[in-house]
Amino acid sequence: MKCPAKALKEALQCAQSEERLTVGVYECAQVMNEDPDSVSFCVLAVDEQFEWDVALQIHFTLIQSFCFDNDISIVRVSDRQRLQELVGRTEEDAHCVLISGPCEGAWDEPSVEKLRMFCEERRALNDWVPEISLPER
């Protein structure tokens, strides 16, 4: 896939406009626990806080395991602040963002499908949680 960053940006913006985003580690864990079938895609944001925050590292490990067990595609980004800007949430912890699926019976959006294909390609190369560089403003 040529431009996963563009597809990620489009998927986040579309989901935000349709109020299908969940932002925050605890909020995402709650959604995954209550309704894992509603989750289409997961984004984990690593930053300088991640390096020294053992609790955050444990949460990431649990979220990744949950995604693998429930066949939810997952990527990492290295710019949490830019991710927060893209999802329009400057006041919240955006270490984890979930994209929920469209309403039942609706077609999946093309950008999420592109991201899923990207993740499948990366998994074939044993890159289980690929990293995407977010596009600049």
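**Strand pairing and helix packing**

Strand β2 (residues 39-45) is joined by 5 bridges to strand β4 (residues 96-100), and the two run antiparallel. The model described here is predicted. Within this pairing, Val-43 is placed opposite Val-97 of β4. A further 5 bridges connect β2 to strand β3 (residues 73-77), in this case with a parallel arrangement; here Phe-41 faces Ser-73 of β3. Strand β2 is mostly covered, with 7 of its 7 residues buried.

Thr-22 belongs to strand β1 (residues 21-23). Its relative accessibility is 14%, and because buried means under 20%, Thr-22 counts as buried. When residues up to four places away in sequence are left out, Thr-22 touches Glu-27, Cys-28, Val-31, Cys-96, Val-97 and Leu-98. Among these contacts of Thr-22 is Val-97, the β4 residue that stands opposite Val-43.

Two packed helices are described by the angle between their axes and the distance between the axes. For helix α1 (residues 4-17) and helix α5 (residues 80-87), the angle is about 45° and the axes lie 9 Å apart. Helix α1 is therefore oblique to α5. On the α1 side, the contact is made by Lys-9, Leu-12, Gln-13 and Gln-16; on the α5 side, Arg-82, Leu-83, Leu-86 and Val-87 take part. Sorted by class, the residues in the contact of α1 with α5 comprise 4 nonpolar, 2 polar and 2 charged.

Notes:
Residues are numbered from 1 along each chain as its sequence is written. This is a predicted model: local features need pLDDT of at least 70, side-chain atom pairs count only at pLDDT 80 or more; totals for chains, interfaces and linings use all residues. Side-chain values use heavy atoms; hydrogens and water are left out. Axes are lines fitted to C-alpha atoms, for helices over the stretch in contact, and angles run from 0 to 180 degrees between N-to-C directions. Helices (H or I, at least four residues) and strands (E, at least two) are DSSP runs, numbered from the N terminus. Angles under 35 degrees count as roughly parallel, over 145 as roughly antiparallel, 65 to 115 as roughly perpendicular and the rest as oblique. Contact means heavy atoms within 4.5 Å. Ala, Val, Leu, Ile, Met, Phe, Trp, Tyr, Cys and Pro count as nonpolar, Asp, Glu, Lys and Arg as charged, and the others, Gly among them, as polar. Buried means under 20% relative accessible area, exposed over 50%, partly exposed in between (1.4 Å probe, protein chains only). Two strands pair if DSSP finds at least two bridges between them.
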